[in-house]
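User: I would like a close look at a single part of this model, with its surroundings described in one connected account.

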Amino acid sequence: MSQTPASAATLDAYGLTCGALEPLIARRLRELAPGDVLEIRSDQEEAADGIRAWTWLSGHALVAIEQDDPAPRARYYVRKKTPQP
Amino acid sequence: MATTILSNCTCGKEDPERATLPFIVGNVAASAEQPAIVLLTIEGVWIATKGYAEGIHKEGFQPLKEIIDSFVASGGQIWACGACAKPRGITDAHLIPGARIVTAAMVVEAMAKGASTIGF
């Protein structure tokens, strides 16, 4: 994980639980350019594991996590992948 | 080549949670650009028919129709078991977009080619 990157867009995902969050991230990433970073705000305990697993599957990169108060609030930074030629 | 994720759904309105979970798995897989199939069997085949999923909403989950729409929009496939559809009078004319009636051999072929399966 590196320092917090500048984000091109923000997704307020407070309250979204397992299974609903990742497809929404995918939808928002489709609106961004390759290399852009999406900031995802979540207050769900399972978000960290879910986003980590989903980015591994999809090929996008989880580049930073910032913890907020109160826990488990956090901001997750996902960089959109560049399509392979 | 990515692994196909095949999620089996055996229930319809009689068990909204079991009807919804296979589509949650499929939707997450499709959103990650994994090939994804929800295989509908037994009472689950009704979900492939127009209008049936509307109103199926297990508390704590998204409404099933929303999940199905997202799943199909992400490239997910809905397979309705032909052997289950036929005695229920379900034909191609009844199906929602993204759904098709399949044979047992197609299911076996998908598994033989390496699909990972999960059932609910």
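What covers the buried residues of α2(B)?

Analyst: In this predicted model, the cover over the buried residues of α2(B) includes α1 (21–30) of chain A together with α1 (16–31) of chain B. The helix itself spans residues 64–73 of chain B, and its buried residues are Leu64(B), Ile67(B), Ile68(B), Ser70(B), Phe71(B) and Val72(B). As background to such a list, residues three or four places apart in an α-helix point the same way, because the helix has 3.6 residues a turn. After α2(B) comes Gly75(B), which has a positive phi, near 100°.

As for the contact between the two chains, eight residues come from chain A and 10 residues from chain B. On the side of chain A that touches chain B, the elements that give two or more residues are α1 and α2 (47–58) of chain A, and the residues of that side comprise five nonpolar, two polar and one charged.

Turning to the chain that holds the helix, chain B has four helices and five strands, and its elements follow the order β-α-β-α-β-α-β-α-β from the N terminus on. Its radius of gyration is 13 Å, close to the 14 Å that the globule rule gives for 120 residues, so chain B is as compact as a globular protein of that length. Along the principal axes, the C-alpha atoms of chain B fill a box of roughly 35 × 35 × 20 Å, and 46% of the 120 residues in the chain are buried. Of the contacts in chain B between residues at least 6 apart in sequence, 70% join residues at least 24 apart.

Key. Residues numbered from 1 in each chain as written. Chains lettered and ligands numbered in written order. Predicted model: local features only at pLDDT ≥ 70, side-chain atom pairs only at ≥ 80, totals over all residues. Buried ≥ 20, exposed ≤ 12 C-beta atoms within 10 Å, placed from the backbone. Contact = placed C-beta atoms within 7 Å. Nonpolar A, V, L, I, M, F, W, Y, C, P; charged D, E, K, R; others polar. Rg over C-alpha atoms; globule rule 2.2 N^0.38 Å.
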